[in-house]
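Visitor: Can you walk me through this one? I'd like to go helix by helix.

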Amino acid sequence: MNPLTTLAMAWRAVRSHKLRSALTTLGIVIGIGAVITFVTLGASLQASIVSEVSAEEADAIYVWAGPGDGGGQGGPGFGAEPVFTERDLAELRDIDAVEDVVPVGPVPTSALTHANDTVSRAQGVLATAPAYLAGADLRDGRPFDPGADEAVLNPAAAEQFETPVTVGDEVTVTFTGGDTRTVTVVGLLNDSTALSPFEGFGETPRVYVPTDPFYTTSLEVPDRGQQTVYARLVVEATGVEAVERATDAARAYLEGDSDARSLVPASSTFRLQTSEDLLGQIREILDILTGFVTGIAVISLVVASIGIANIMLVSVTERTREIGIMKAVGAQNRAVLSLFLVESVILGVVGAVLGIGVGVATAILAADYVGIPVTFDLTWFGIAVGVGVLVGVVAGLYPAWRAARTDPIEALRYE
C-alpha cells in the first residue's frame with residue numbers, strides 16, 4: 001500500500017473519532033507539557049543565577065569558616081563564624097596573587113526609619129568596604145566613604161518606604177540593642193540583584209554601610225587582646241589566571257599562622273570557593289531537581305501509552321470486518337500492520353506537538369510569576385517529538401500486530 005494512502009487512511013480513522021482521539025492524546029499532552037515546563041523553568045532559573053554571578057566576579061574567591069568539609073553543605077557563607085581579624089586581612093592582601101580583600105559582615109538591626117516611616121529590618125544591612133561596591137551599577141550617587149555615616153541602598157530597600165528614598169535623604173538605623181544612628185544615602189543601585197553570593201540570589205532589600213563605624217563584632221584573640229573579627233571575606237585575585245594560586249596561598253596562610261586558625265571552632269573548617277565552584281554546585285542541584293520532577297512527569301507518558309494501546313485494541317475490534325475486507329481484496333499483513341501503527345504514531349505526534357505548546361505557555365507564565373527571564377532548551381523540543389513517536393510506536397505495536405494476524409474469513413463473519 002502506498003505510504004501516502006496509509007497516512008490518509010490512518011488520519012481519516014483518527015478524525016472519525018474526534019473525542020476519543022482527543023482524550024487518548026490528553027495523557028501525552030500533559031506529560032510532554034509537564035516535561036517542557038519543568039525543563040524550561042530549570043534552564044531559566046539556572047541562566048538567571050549564572051547571570052547574577054557575572055564575569056566581573058570570575059576573579060573573586062569567597063572565604064568563610066563554616067561547618068563540615070565544604071562538601072555541599074548549605075550555600076556560600078552558611079554557618080560562617082566571625083574569626084578573621086584585621087591582621088588576617090592585611091596578611092592576605094600581601095599575597096602576590098591577591099589584589100584586595102574585602103570584609104562583609106551583617107549589622108544586627110531591628111528597624112529602618114525614613115520620613116517618619118519605620119519598617120522592620122532584622123537583616124539586609126551589610127557592613128563592608130567601598131571596594132565591595134566597585135563593580136556595582138549605580139543608578140545615582142556614589143559609593144560611601146570609609147568611616148562616614150553614609151549608606152548605599154538597592155531599589156528594593158529604597159522603595160520599601162511610603163516615600164521612596166533618594167540620594168541625599170537620611171535614614172535612621174535602629175540596632176538590636178536599641179541604639180540608633182542616622183546615615184545619609186549617598187548612592188542608589190540600579191537593580192536589587194545580589195552583589196555577591198554571600199547575599200543569596202533573591203532581590204531583597206539591602207543597605208550597604210562602611211564597616212567603620214557600623215561593624216562592631218569582636219573577640220578575644222590569644223596574645224593579641226580584643227580584636228574586630230569578620231565572618232566573610234571576598235578575596236579578589238589579580239586576574240582570572242591567578243585565582244588558583246591565590247586560593248592555594250590564602251588557604252595555606254589561614255591554616256597556618258593566622259589569627260583565624262586560633263579562633264575557628266573544632267566543628268568548622270575554612271572554606272574557599274570561586275564563582276566557578278559555586279556555579280558548578282548550583283548547576284548540579286538544579287539538574288537534580290529538574291531530573292526529579294521530569295521523572296515524575298514521565299509517569300504520565302507511561303499512562304498515556306497504556307491509553308493509546310487500549311484505544312487501538314478497541315479500534316482493532318471495532319474494525320474487524322474492515323480488516324477482513326482489506327485482506328480479502330489483497331492487502332498484505334504488512335499493509336494492515338502499517339495502517340494501525342501509523343494511526344497510533346499520529347496520536348503520539350499530535351499529543352507531543354500540543355504538549356510542547358502547553359509546556360511553553362505554562363513555562364512563560366510560571367517564569368513571569370517567579371520574575372525570571374525565560375530560557376528555552378530547544379534540545380528538549382526535539383526529544384518531546386521523538387518521545388511522542390516512540391510512545392505511539394510502542395503503544396500501537398501489539399494492536400497493529402494483532403490486526404495484521406486477523407483471519408480474513410473470520411473477520412468477514414464478524415458482526
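This is a predicted model: local features need pLDDT of at least 70, side-chain atom pairs count only at pLDDT 80 or more; totals for chains, interfaces and linings use all residues.

Visitor: Fine. How many helices and strands does the protein have?

Guide: There are 12 helices and 15 strands. Those are DSSP runs numbered from the N terminus, H or I with at least four residues for helices and E with at least two for strands.

Visitor: And what share of the residues is buried?

Guide: Of the 415 residues, 46% count as buried. Buried is under 20% relative accessible area, exposed is over 50%, and partly exposed is in between, with a 1.4 Å probe and protein chains only.

Visitor: Now H1. Which residues are buried there?

Guide: Thr6, Met9, Ala10, Ala13 and Val14 are. They sit on the same side of H1, because they cover an arc of only 140° around the axis, taken from the directions from the helix axis to the C-beta atoms.

Visitor: What's on the face turned away from that buried side?

Guide: That face of H1 carries Leu4 and Arg12, both exposed.

Visitor: Switching to H10. What end-to-end span should it have?

Guide: Its 38 residues, 333–370, should span 56 Å at 1.5 Å a residue, and the end C-alpha atoms are 54 Å apart, which agrees. The expected span is 1.5 Å times one less than the number of residues. After H10 comes Gly371, with a positive phi near 90°.

Visitor: Ile356 is in that helix. What does it touch?

Guide: Leaving out residues up to four places away in sequence, Ile356 touches Ile32, Ile36, Phe381, Ala384 and Val385. Contact here means heavy atoms within 4.5 Å. Ile356 is buried, at 13% relative accessible area.

Visitor: Last one, H3 and H6. At what angle do they pack?

Guide: About 145°, with the axes of H3 (residues 86–93) and H6 (residues 243–254) 10 Å apart. Axes are lines fitted to C-alpha atoms, for helices over the stretch in contact, and angles run from 0 to 180 degrees between N-to-C directions.

Visitor: Which residues meet there?

Guide: Arg87, Asp88, Glu91 and Leu92 in H3 meet Ala250, Tyr253 and Leu254 in H6.

Conventions: Residues are numbered from 1 along each chain as its sequence is written. Side-chain values use heavy atoms; hydrogens and water are left out.
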